[in-house]
Amino acid sequence: MCVIAADILLWRNKKISAGALGVSTVIWVLFELLEYHLLTLVCHLLILALALLFLWSNATQFINKSTPHIPEVQIPKEPVLEFAMALRFEINRAFAVLRDIALGRDLKMFLSVIAGLWVLSIMGSWCNFLTLFYIVFVLLHTVPVLYEKYEDKVDPFAEKAMHEIKKQYAVFDAKVLSKIPRGPLKQKKKD
């Protein structure tokens with residue numbers, strides 16, 4: 001059975017969706033409320049796993065059972081290279097967009113990025129990254145389901161909101177953005 005992300009986010013398979021939400025909640029509680037640290041958790045889990053396997057392997061000699069089969073694990077080269085290439089492509093694309101913005105080629109994109117970073121900085125001052133990540137994760141698990149359930153009520157409201165946003169942007173463009181000079185002014189030479 002192949003489970004895709006959309007099925008999990010839209011709660012088509014309730015057990016997997018609830019499991020993902022439950023695991024993320026446990027992780028958030030561990031790290032945020034109990035102030036556990038990732039490196040400490042990883043080390044403690046590895047200590048526990050190695051101790052259990054070591055004891056099991058040695059105990060099997062006394063009870064005449066076969067030793068546990070522990071498979072050899074290796075990371076294949078191709079998927080790692082494909083991931084690295086895809087990541088490199090996305091980072092280069094982000095650098096190109098940032099370069100275009102920094103060179104002043106797209107005022108609308110510049111203002112959007114500045115506004116987005118400003119909103120993120122405000123949200124970052126309210127909570128740390130893990131809490132923000134958890135909030136986004138929970139929203140990704142609830143908003144698509146609610147939208148699918150109440151789509152007929154949400155769409156008209158969203159259309160009205162988009163119309164209002166476009167109207168406000170037109171006013172902002174007419175009063176502020178159109179008055180900003182774009183590039184160097186060219187003066188005519190007098191002979």
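User: What share of the contacts in the chain with a separation of 6 or more comes from residues 24 or more positions apart?

Analyst: In this predicted model, residues 24 or more positions apart account for 51% of those contacts.

User: Which elements make up the chain, and how many are there?

Analyst: The chain has seven helices and zero strands. From the N terminus on, the order is α-α-α-α-α-α-α.

User: What makes the chain more spread out than a compact globule?

Analyst: The globule rule gives 16 Å for 191 residues, and the radius of gyration is 27 Å, well over that value, so the chain is more spread out than a compact globule. Its C-alpha trace spans about 105 × 50 × 35 Å along the principal axes. Of the 191 residues, 8% count as buried.

User: How do you know that the span of helix α2 agrees with its number of residues?

Analyst: Helix α2 covers residues 14-33, which is 20 residues, and at 1.5 Å a residue these should span 28 Å. The end C-alpha atoms are 27 Å apart, which agrees.

User: Why are the buried residues of α2 said to line one face of the helix?

Analyst: The buried residues of α2 are Ser17, Leu21, Ser24, Trp28 and Phe31. Seen down the helix axis, they fall within an arc of 105°, so they line one face. An α-helix has 3.6 residues a turn, so residues three or four places apart point the same way. On the other side of α2, Lys14, Lys15, Val23, Val26 and Leu33 are exposed.

User: What do the buried residues of α2 pack against?

Analyst: They pack against α1 (5-9), α3 (38-62) and α6 (129-149).

User: Why is Trp28 called buried?

Analyst: Buried means under 20% relative accessible area. Trp28 has 18%, so it counts as buried. Tyr134, with 17%, is buried as well.

User: How many aromatic pairs does a search of the whole structure find, and what makes the pair of Trp28 and Tyr134 stacked?

Analyst: The search finds one pair. The ring centres of Trp28 and Tyr134 are 5.1 Å apart and the planes are at 15°. Centres within 6.5 Å make a pair, and planes under 30 degrees apart count as stacked, so this pair is stacked. Trp28 lies in helix α2 and Tyr134 in helix α6, so the pair ties together parts 106 residues apart in sequence.

User: Why does Thr60 count as buried?

Analyst: The cut-off is under 20% relative accessible area, and Thr60 has 2%, so it counts as buried. Thr60 is in helix α3. Leaving aside neighbours within four places in sequence, Thr60 is in contact with Lys65, Ser66, Thr67 and Pro68.

Note on methods. Residues numbered from 1 in each chain as written. Predicted model: local features only at pLDDT ≥ 70, side-chain atom pairs only at ≥ 80, totals over all residues. Heavy atoms only, no water. Helix = DSSP H or I, 4+ residues; strand = E, 2+ residues; numbered from the N terminus. Expected span 1.5 Å × (residues − 1). Buried < 20%, exposed > 50% of the residue type's maximum accessible area, 1.4 Å probe, protein only. Arc of directions from axis to C-beta. Contact = heavy atoms within 4.5 Å. Phe/Tyr/Trp six-rings, centres within 6.5 Å; stacked < 30°, edge-to-face > 60°. Rg over C-alpha atoms; globule rule 2.2 N^0.38 Å.
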